[in-house]
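Subject: Structure for you, with notes

Hi,

Here is the structure I promised. Please open it alongside this message.

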Amino acid sequence: MSDLELLTQSLARNVKHWRAVRGFTLDVLAARAGVSRGMLIQIEQARTNPSIGTVVKIGDALGISVTTLLDYERGVKVRVVPADQAVRLWHTDAGSYNRLLAGTEAPGPLEMWDWRLMPGESSPSEPHPVGTVELVHVTAGELTLTVDGEDHRVPTGASASFEASVPHVYGNRGEAPMEMVMAVSVPPVH
């Protein structure tokens, strides 16, 4: 089974499981996530590979991390993710990418990401649920972090934190690749 097939099967199983745990019907989850009921049916039947944006919306609506939605090895107390098994969810032809390094539920979803943005590229993000916080630490280059329309320069070695319940954009306006590690904490669903 290919990595993509494994992720598709894991996503299908985990969306069904967490929808049942939360007591959500397909219609309730579709409304909470802002995706169509038909898309959820296709996901739960492992008949589609949704965009990362759709996966994030479903995770946010269920109050769980993307890591949990894509996890295919449940029940382990310690989970080591080898570097070559970090999940790349977004990339461009120029060489920009993000990789989901690790995640857990503590008490809501908590994720750690590895990002690389090539010069001139950016990645916009829709608002996350109220109470979501992101932490970034730039390890190379300079990040232009735009939060609710306001730009913030974050140079190499600097860190930033922000409430991510507003539109935000990660950008590289410099001439060298920008690399950062990002943590995302989403409040639990009650």
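First, the ground rules. This is a predicted model: local features need pLDDT of at least 70, side-chain atom pairs count only at pLDDT 80 or more, and totals for chains, interfaces and linings use all residues. Residues are numbered from 1 along each chain as its sequence is written, and side-chain values use heavy atoms, with hydrogens and water left out.

**Core**

The largest nonpolar core has 40 residues. (Such a core is a set of buried Ala, Val, Leu, Ile, Met, Phe, Trp, Tyr and Cys residues joined through side-chain atoms within 4.5 Å. Buried means under 20% relative accessible area, exposed over 50%, partly exposed in between, with a 1.4 Å probe and protein chains only.) Ile58, Leu143 and Tyr170 touch the most other members.

Look at Leu143. Beyond its neighbours within four places in sequence, Leu143 is in contact (heavy atoms within 4.5 Å) with residues including Val136, His152, Val154, Tyr170 and Met180.

**Sheet**

Four strands make an open sheet, in the order β4-β9-β6-β7. The pairing is antiparallel. (Strands are DSSP runs of E, at least two residues, numbered from the N terminus; two strands pair if DSSP finds at least two bridges between them.) β4 (122-125) and β7 (150-155) are the edges. Each has a single partner strand, so one side of each lacks a neighbour in the sheet. On average, neighbouring strands here are turned by 20 degrees against each other, direction ignored. (Axes are lines fitted to C-alpha atoms.)

β6 (residues 142-147) pairs with β7 over six bridges, in the antiparallel sense. Leu143 has Val154 as its bridge partner in β7.

**Aromatic rings**

There are two aromatic pairs. (Rings of Phe, Tyr and Trp, the last by its six-membered ring, pair if their centres lie within 6.5 Å; planes under 30 degrees apart count as stacked, over 60 as edge-to-face and the rest as tilted.)

- Trp90 and Trp115: centres 5.5 Å apart, planes at 40 degrees, so tilted. Trp90 is in β1 (residues 87-91) and Trp115 in β3 (residues 109-117), 25 residues apart.
- Trp115 and Tyr170: centres 4.8 Å apart, planes at 50 degrees, so tilted. Tyr170 is in β9 (residues 168-171), 55 residues from Trp115.

Trp90, Trp115 and Tyr170 form one aromatic cluster. Trp90 and Trp115 are both buried. The relative accessible area of Trp115 is 5%. Tyr170 is buried too, at 2%.

Best wishes

Terms used:
Axes are lines fitted to C-alpha atoms, for helices over the stretch in contact, and angles run from 0 to 180 degrees between N-to-C directions.
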